[in-house]
Amino acid sequence: MNHETLIINKRHELPLRKKSVWDAVTVLLWAGWIYLWKPLFHVFYKMINLDAPADEISSVIFDEVSAVTFEHAVVMLVATPIVLFILSWLNRHVAPSEHLIYEFDEYADYFKVDSEKLKESMDAQLITIHHDNHGHIVDLENQISIK
């Protein structure tokens, strides 16, 4: 049984070039994030390998952690959202929809509903749909209209 998810993923419809660009940007952003953690990884590595003497561990930790300057942190903090914002404004690919768009009367004919009631219900805020024991729509009742 095929279960449809509620997550819309149309990545397969994107052109190869756009997929590649987005993948490259994602890798670069992850590399920048990991770069910020480099001093901490370096400290952990020194602590695990016992490269630093026990009495100098605190100074090694302070020297390595402070290696990330305030400017580096600010640049990464500001640059990441700017890059993402610019990428969100780039010309996006409009993929052909897999869903067919039917005319209004075709919906009314398919569900065997009066076309006028269906048009009225498009402008309503609350609609009660009456159906029979088989789930077929019998009547539409508009509770609150916008007009």
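Analyst: Start with accessibility: buried means under 20% relative accessible area, exposed means over 50%, and partly exposed lies in between (1.4 Å probe, protein chains only). This is a predicted model, where local features need pLDDT of at least 70, side-chain atom pairs count only at pLDDT 80 or more, and totals for chains, interfaces and linings use all residues. Residues are numbered from 1 along each chain as its sequence is written, and side-chain values use heavy atoms, without hydrogens or water.

User: Why does D139 count as partly exposed?

Analyst: Its relative accessibility is 28%. That value falls between 20% and 50%, so D139 is partly exposed.

User: What makes K117 and D139 a salt bridge?

Analyst: A salt bridge needs a side-chain nitrogen of Lys or Arg within 4 Å of a carboxyl oxygen of Asp or Glu. K117 and D139 stand at 2.6 Å, N to O. The distance is within the limit, so the label holds. K117 sits in helix α5 and D139 in strand β2 (residues 137-145), 22 residues apart, and the pair links distant parts of the chain. K117, at 32% relative accessible area, is partly exposed.

User: How many salt bridges does the structure hold?

Analyst: One.

User: How do you know what is a helix and what is a strand here?

Analyst: Both are DSSP runs, numbered from the N terminus: helices are H or I over at least four residues, and strands are E over at least two. By that rule the protein has five helices and two strands. From the N terminus, the order is α-α-α-α-α-β-β.

User: How is the packing of two helices described?

Analyst: Two numbers do it: the angle between the axes and the distance between them. Here the axes are lines fitted to C-alpha atoms, for helices over the stretch in contact, with angles from 0 to 180 degrees between N-to-C directions. Helix α4 (residues 104-111) and helix α5 (residues 115-122) have axes that come within 9 Å and cross at roughly 115 degrees.

User: Which residues of α4 and α5 meet?

Analyst: F104, D105, Y107 and A108 in α4 meet S115, L118, K119 and M122 in α5. Contact means heavy atoms within 4.5 Å. By class, this contact has five nonpolar, one polar and two charged residues. Nonpolar covers Ala, Val, Leu, Ile, Met, Phe, Trp, Tyr, Cys and Pro; charged covers Asp, Glu, Lys and Arg; the others, Gly among them, are polar.

User: Why is A108 called buried?

Analyst: Its relative accessible area is 3%, and the limit is under 20%, so A108 is buried. This residue of helix α4 touches V113, S115 and L118, leaving aside residues up to four places away in sequence. A108 and K119 are eleven residues apart in sequence and 9.2 Å apart in space, C-alpha to C-alpha. Across the protein, buried residues make up 11% of the 147 residues.

User: What stands out about the backbone of K112?

Analyst: K112 has a positive phi of about 55 degrees, although it is not a glycine. Its place is the loop between α4 and α5. At 72% relative accessibility, K112 is over 50% and therefore exposed.

User: Why are Y110 and F111 called an edge-to-face pair?

Analyst: Rings of Phe, Tyr and Trp (its six-membered ring) pair if their centres lie within 6.5 Å; planes under 30 degrees apart are stacked, over 60 edge-to-face, and the rest tilted. A search of the whole structure finds one aromatic pair. Y110 and F111 lie 5.0 Å centre to centre, with 85 degrees between the planes. Y110 is exposed at 63%, while F111 is partly exposed at 39%.

User: Which residues does H130 touch?

Analyst: H130, in strand β1 (residues 124-131), touches H136, I137, V138, D139 and E141, not counting residues up to four places away in sequence. The C-alpha atoms of H130 and L140 are separated by 6.2 Å, ten residues apart along the chain. H130 is partly exposed at 32%.
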